[in-house]
Amino acid sequence: MANMEEEDLEKAVHAYLKKKGFRLAELALQEEKTRLASDRATDATKYYDGYGKVRAWAYSSLDSYKHELLRVLYPVFIHCFMDLIAQGHMKEARTFFQSFRGDHEMMHLRDLQKLEGILSPSHLEENELARVLRHSKVKIKLCQYSYELLLQFLRKTQCLAILGVINEHINFEVNPGQPASISDDSDAVLLVGNSHDLAKQINQKEIHWGLLEDSVEERMEKSLSENDKMDIDGNKETDPDESKKKQGGNVNKKSKKDKLVGAVGKSVRSESSTVSVAPRVKPELTLPQMPQEVEQSILEDIRNRAQLSSLALPSVSFYTFLNTHNGLNCSSISHDGSLVAGGFSDSSLKVWDMARIGQPATKSSNPQGENGLMQNVHLMGSDEAKRPYTLYQGHSGPVHSATFSPLGDFMLSSSSDSTIRLWSTKLNANLACYKGHNYPVWDVQFSPMGHYFASASHDRTARIWSMERIQPLRILAGHLTDVDCVQWHPNCNYVVTGSSDKTVRLWDVQSGECVRMFVGHRGMVLSLAVSPDGRFMASGDEDGTVLLWDLSSARSVSPLLGHSSSVWSLAFSCEGTLLASGSADCMVKLWDVTSSTKALKMDESKPGSSSTSRLRLLKALPTKSTPVYSLRFSRRNLLFASGALSVGS
């Protein structure tokens, strides 16, 4: 439209000069137009040639400095492209983009797909990512020598266009000494320039990451310690000779496995104490009272809990969905593993009772539709009785998330229809529909104590809800794009969110304020988990990277570079010694958390030190052809996993 107006204006001016006989003025205008066109073509060429020179130089640099110098290329590339668009060189911008995009597709494919649609200067303001990048600076870490090499090259080759881009859009954090290792590249380039400064400001706020006072686990820990003391006193009183006689000749025939189990038991005692030594905090929310029989059941589970460590790995039970025809969007497993839910693209929610799998179904086992809420299901007649699952219908769009309450009596689901629905697993009925989000709701999670829940949406917000109110209690706004996943802190005072803007945020539930911002992911954050003691948080992204964070210091403890595809689920074991990760690469992996957290504590005792340790992979468990949708450690430390068989792969 703007080009058409310019052409019409030029024609009108030429017609006027011709009519009046201003021949010299007409020739001067023509010459000026030609000169400007050649200058514009030269400007466009400067970007192409300048970037080509810097690229060739960076790739041919010494190996010890190459990985640092290559960090500069991506920010320079996207800003050269956007500058060409802003100056009206559409054709040259497209040529530039297509010529060099291959260098950055592995690390930044999602961003490139968003920027690819920019075809005019007006799009630079309309495109959210482009607008953020244009109005902020990227931060890049370089050692002193790499920084000097870069400046010398730019001055020597007179790459003024590239020098201008760097001055305007890049901030260098220059560190003395040798270049950092390649493995530290994950946090060397920060996507949005001012996000680092914002994170620094936010991360100065005080947080209380401890566990709730007088929790069930705390009471259990006290009773266990008392029992241990009684056992020790009792052992002292018994005669060692008598015990030997009872054991007979088997004393010296202990297998290596028995010795190993004994060693594991001792080590686990000290490792599991991380939960018991965590500081205690008061709840900021009014939490529901736990029924006596439920508390007894939980205590029984804790009493019978398998103690896990790097020497004692968990048993894994994997539930595979068959014949889903690519319709399964999400799955969820109840805390005891007795119920498995699946959310489907046809807006249905299905729940399988593991105790009834393989048993002939009866009509009475599926009372859905009796209360008139779901007559369409009830009319299915004999087919309904044959189904091995309970069908929940109510959403009008694909179901993206489902979660069970801690006791398994309620279930929440979220959908593209922008609503969240509460279901009763006892009545098999929809109890409430929560409306507040304006766009699809990607994730919903019950709090550890039930009653409250949190949701994450395409509308760039997360929200805190209560079962008894249909409107949200808090709206958590701050992410730049979709909030893709949400998770509660064990003390219920905080909520963690992961976003497509590649950041993770920790929110105070009472104030609705962001109290921590974690920057370091290269892709959208798809999964979250918080350790049982509340100190550490793990986040997984679409690139297959998992980062472990210390909530109190907002530092990245250790990156896990173990998956080749998106990490869809994370789960800590009950005592926090192991981390399980499930991915689209059809693998469940178990990681040793204890070694890294010990290394972190040792680093904290040495001022100025920084941890570069990696989490140790204990075991990789491949499935035949089943991407891992969800993971759950039961209260007894049995690991449950689920996914849909992918025939095409």
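This is a predicted model: local features need pLDDT of at least 70, side-chain atom pairs count only at pLDDT 80 or more; totals for chains, interfaces and linings use all residues.

Trainee: How are α4 and α6 oriented to each other?

Mentor: Helices here are DSSP runs of H or I with at least four residues, strands are runs of E with at least two, and both are numbered from the N terminus. Axes are lines fitted to C-alpha atoms, for helices over the stretch in contact, and angles run from 0 to 180 degrees between N-to-C directions. The axes of α4 (residues 73–86) and α6 lie 12 Å apart at an angle of about 5 degrees. Angles under 35 degrees count as roughly parallel, over 145 as roughly antiparallel, 65 to 115 as roughly perpendicular and the rest as oblique, and α4 and α6 are therefore roughly parallel.

Trainee: Which residues of α6 make the contact with α4?

Mentor: Contact means heavy atoms within 4.5 Å. From α4 the contact is made by Y74, F77, I78, F81 and M82, and from α6 by H108, D111, L112 and L115.

Trainee: How are α3 and α9 oriented to each other?

Mentor: The axes of α3 and α9 (residues 144–157) come within 10 Å, and Y65, E68 and L69 of α3 meet Y145, S146 and L150 of α9. The two axes cross at roughly 70 degrees, and therefore α3 and α9 are roughly perpendicular.

Trainee: With which residue does R55 form a salt bridge?

Mentor: A salt bridge is a side-chain nitrogen of Lys or Arg within 4 Å of a carboxyl oxygen of Asp or Glu. R55 lies in helix α2 (residues 23–59) and its partner in the loop between α5 (90–100) and α6 (105–115), so the pair ties together parts that are 48 residues apart in sequence. The closest N and O atoms are 2.4 Å apart, and the partner is D103.

Trainee: Is D63 buried or exposed?

Mentor: Buried means under 20% relative accessible area, exposed over 50% and partly exposed in between, with a 1.4 Å probe and protein chains only. D63 forms a salt bridge with K66, and both lie in helix α3 (residues 63–70), three residues apart, about one turn of the helix. K66 is partly exposed at 23%, whereas D63, at 63% relative accessibility, is exposed.

Trainee: Which residue forms a salt bridge with K502?

Mentor: K502 is buried, and so is D111. In the salt bridge between K502 and D111, the closest N and O atoms are 2.7 Å apart, and the residue asked for is D111.

Trainee: What is the bridge partner of R421 in β14?

Mentor: Strand β13 (residues 419–424) and β14 pair in the antiparallel sense over six bridges. The bridge partner of R421 in β14 is C433.

Terms used
Residues are numbered from 1 along each chain as its sequence is written. Side-chain values use heavy atoms; hydrogens and water are left out. Two strands pair if DSSP finds at least two bridges between them.
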